[in-house]
Amino acid sequence: MTTTDYAVVFTTCKNKAEALTIAERLVADRDAACVNIIETVVSVYRWQGKIEKAIEALLIIKTRAVFTGRVEGTIRGLSSYDCPEVIVLPIAEGSNEYLAWIGEATGNVSHGRRRNNGESDPGT
């Protein structure tokens, strides 16, 4: 299946605990169908003029393209980083069954922020 209705979002966190907090919130709010956590990645990057190295957790977030702004908002709200990574890649192709599952797991496109009991909260 060819589509751009769905996206994968990458972000990194300072540790597994922070990664789990973000992942659980995204799935509970139905803004992501699934979040994979790769607990240990080594990142080498330039920050404030110096080359840095860090052990981080990598999140691979599967969502609807229309929810990427919500995903970014959750990441920004829960991340301890001053400049959290938010990389969005459209899913160009995928199996019909898997993409349909992402759609089901994230609920109706028009939903407001979901409460933990699945009810819509139209306030956000």
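Modeller: Happy to. Let me start with leucine 89, which is found in strand E4, residues 87-90. Keep in mind that this is a predicted model.

Biologist: Let's zoom out. How many helices and strands are there in the protein?

Modeller: The protein has 3 helices and 6 strands. Reading from the N terminus, the order is β-α-β-β-α-β-α-β-β. As for burial, 35% of the 124 residues are buried.

Biologist: Take H1, then. What is its reach from the first C-alpha to the last?

Modeller: H1 covers residues 16-28, so 13 residues, and spans 18 Å, close to the 18 Å expected at 1.5 Å a residue. Its buried residues are Glu18, Ala19, Ile22, Ala23 and Leu26. Down the axis of H1 these fall within an arc of 130°, so they line one face of the helix.

Biologist: Why would a spacing like that put residues on one face?

Modeller: An α-helix has 3.6 residues a turn, so residues three or four places apart point the same way.

Biologist: Which exposed residues sit on the face of H1 turned away from the buried side?

Modeller: That face carries Ala17 and Glu24, both exposed.

Biologist: What about H2, which residues are buried there?

Modeller: In H2, residues 68-78, the buried ones are Thr68, Val71, Thr74 and Ile75. They fall within an arc of 120° seen down the axis of H2, so they line one face of that helix. On the other side of H2, Gly69 and Gly77 are exposed.

Biologist: And H3, which residues are buried in that one?

Modeller: Leu99, Ile102, Gly103 and Thr106 are buried in H3. Their arc around the axis is only 95°, which puts them on the same side of H3. Glu97 and Glu104 are exposed on the other side of H3.

Biologist: Tell me more about threonine 106. What does its side chain reach?

Modeller: Threonine 106 lies in H3, residues 96-106, and is buried with a relative accessible area of 0%. Its side chain reaches the backbone oxygen of glycine 103 at 3.3 Å.

Biologist: OK, new topic: asparagine 36. Where does it lie?

Modeller: Asparagine 36 is in strand E2. It is partly exposed, with a relative accessible area of 32%. Asparagine 36 and isoleucine 61 are 25 residues apart in sequence but 6.5 Å apart in space, C-alpha to C-alpha.

Biologist: Backbone check now. What is the phi of arginine 30, and of glutamine 48?

Modeller: Arginine 30 has a positive phi of about 65° although it is not a glycine, and glutamine 48 has a positive phi near 50°. For context, most residues other than glycine have a negative phi.

Biologist: Where are they placed?

Modeller: Arginine 30 is in the loop between H1 and E2 and is partly exposed, at 24% relative accessible area. Glutamine 48 is in the loop between E2 and E3 and is exposed, at 68%.

Biologist: Last thing, since I may want to look at pockets. What volume does the largest pocket have?

Modeller: The volume is about 280 Å³. Its lining includes Thr12, Ser43, Tyr45, Arg46, Trp47 and Ala54, as well as Glu56, Tyr81 and Asp82.

Biologist: Which element gives the most to that lining?

Modeller: E2 does, with 4 residues. Strands E2 (34-47) and E3 (50-64) each supply at least two residues.

Biologist: And how does the lining split by class?

Modeller: The lining has 6 nonpolar, 2 polar and 4 charged residues.

Key:
Residues numbered from 1 in each chain as written. Predicted model: local features only at pLDDT ≥ 70, side-chain atom pairs only at ≥ 80, totals over all residues. Heavy atoms only, no water. 1 Å grid on protein atoms, 1.4 Å probe; cavity = no way out; pocket = protein on both sides within 12 Å on 5 of 7 lines; lining within 4 Å. Points joined across faces, edges and corners; volume = space filled by probe spheres on them. Nonpolar A, V, L, I, M, F, W, Y, C, P; charged D, E, K, R; others polar. Buried < 20%, exposed > 50% of the residue type's maximum accessible area, 1.4 Å probe, protein only. Polar contact = N/O pair within 3.5 Å; in protein donor to acceptor, adjacent residues only side chain to side chain. Arc of directions from axis to C-beta.
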